[in-house]
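Please read it alongside the sequence and the model.

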Amino acid sequence: MTDTTSSETRVPNPRGISREKAPEPSISDRPIRGERYWSQDFAQLEWERLWPRMWQVAGRVDQIPNAGDYVTYDIGRDSIIAVRGDDARIRAFYNVCQHRGNQLVTSEVGSLSSGEFQCAYHGWRFATTGECTWVHDEDDFPQGSPCGRRNLVEIPCDTWGGFIWFNMDQTCDDLRTWLSPVADHLDAYRMEDMKRTHWVTIEGDWNWKCVQDNFNESYHLPFVHPQTLASMNEHHTGCQFDLYPSGHARMLMPGGGPGPQYTGRPDRTFQSLKQDFEFWEFDPEPYRDDLAGLRLALQRRKRELGASKGFDFSNYSDEQLTDHYHYTVFPSISFSMKPDGCIWLRGTPHPTDPTKCLFDMWYLTLFPEGATEYYSNSMRDWVSIDHQVEHQVGRVGEVSAGHGIDQDIAIWSTQQRGLMSRGYRDDYMPYQERRIRYFHENIDRYLDMDPM
Ligand code: FES
Ligand SMILES: [Fe+2]
């Protein structure tokens, strides 16, 4: 299977991801006003100027292994089809029949039994190249046959990390340039070899930016995720924050044990890392009075046993074996990398209501070589490599995005209500939350452009 448009070029990175600190950009002190989260006018500006310029994800490459397989993704008022052609190439089109605009396909994943799309309204057919191949009463068009002329509208499409990406801007930068430096950093995780083992969409009463704001700071961890204090160094003094010129950002947070500010009992730490310790046959008892030593000891253990457990850690640095490498890709995606997987998060704006959002959580599992079942620590669940996971969709509380992410979700509805109140007087943020302000500044950069 070859994607002629693929960006899956691996950048060798034997010492692991660069931890070089990005120079701090200058950021204004422009306030983050509440109307950004509820105003129809603001959402319209985003719709005209921001979204049509963004590289976005339509689905996973392994959802469409064969010619004629397709996925769709709805963003705002648009729906996009990504389809694999007979030449194995994946192309993206607007999901719009070029006769009188009927949406061509309605399912989010499918396979073309005839090898072509056929519109349900008047039967026009389109090849996987987008070409209009057949119309009813072809000789009744005085302006000339639509065949070969009224083709589907194609947009830029590429793959990276096992994801199918598209962009509605015909003049966009190529995907790898757009993703800089995230793609170069994350190549080592081989996300194209990971399998999606959780696929959850939650319909919530909050603006999509609440999601990205949240994943752009770790200030909330002691209150929203108190369990993390025992197992990671969540304090900003222990973390590194990088803000890249591309608008993307990252956070490096030490894991494999608590930070020096932790005053809780060692048993809480041991309990919280229990699954990791068991899998890695690691006895933490010698570190009961030296919790600071746990992280390096666990790194050594993983390095020792990695190959025998079916993992190839040769492209990982020691830090990558325990720490949290969290990347926010502008404007709406987070990659939260673990040595054996990725929590992938996205806030998609609601098509008409800026106070609503479709929140996606995908968990991608890197199965150890030869394993078909695996205990996912992040999801606290056994996962299987053998089947395409079903898409769970529901309101808040109806479906789970995993214990930790559910804690985040529980906040956003109440935050949205406060942001809509007359009593909200703009933000008042500490320096450690500067990724949020940078995020909003980058949004404004696009809102200053011409509409598309
Ligand atoms: S709208 Fe598609 S064939 Fe008429
Ligand atoms: Fe959180």
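## The pairing of β2 and β3

Strand β2 (residues 69-75) and strand β3 (residues 78-84) run antiparallel and are joined by six bridges; strands here are DSSP runs of E with at least two residues, helices are runs of H or I with at least four, and both are numbered from the N terminus. Two strands count as paired if DSSP finds at least two bridges between them. Tyrosine 70 stands opposite valine 83 in β3, while aspartate 74 has serine 79 of β3 as its bridge partner. The hairpin of β2 and β3 has two residues between the strands, and in it glycine 76 takes a positive phi near 60 degrees.

The model is a predicted one, in which local features need pLDDT of at least 70 and side-chain atom pairs count only at pLDDT 80 or more, whereas totals for chains, interfaces and linings use all residues. Residues are numbered from 1 along each chain as its sequence is written, and chains are lettered from A and ligands numbered from 1 in the order in which they are written.

## From β3 to the whole sheet

Five bridges join β3 to strand β4 (residues 90-94), again in an antiparallel arrangement, and arginine 84 has isoleucine 90 of β4 as its bridge partner. Five residues lie between β3 and β4 in their hairpin, where alanine 88 in the turn has a positive phi of about 75 degrees.

These strands belong to an open sheet of five strands, ordered β5-β2-β3-β4-β9 with antiparallel pairing. Its edge strands, β5 (109-111) and β9 (154-155), each pair on one side only. Five of the seven residues of β3 are buried, a residue being buried if 20 or more other C-beta atoms, placed from the backbone, lie within 10 Å of its own.

## Helix α4

Eight of the eight residues of helix α4 (residues 208-215) are buried, so this helix is largely enclosed by the rest of the structure. The cover over its buried residues includes β15 (324-329), β16 (333-338), β17 (341-349), β18 (357-365), α9 (403-419) and α10 (434-447).

## The largest nonpolar core

A nonpolar core is a set of buried Ala, Val, Leu, Ile, Met, Phe, Trp, Tyr and Cys residues joined through C-beta atoms within 7 Å. The largest one has 95 residues, of which Ala58, Ile81, Ala82, Ile164, Trp165, Leu186 and Cys342 touch the most other members. Strand β18 gives the most to this core, with six residues.

Definitions and conventions:
Buried ≥ 20, exposed ≤ 12 C-beta atoms within 10 Å, placed from the backbone. Contact = placed C-beta atoms within 7 Å.
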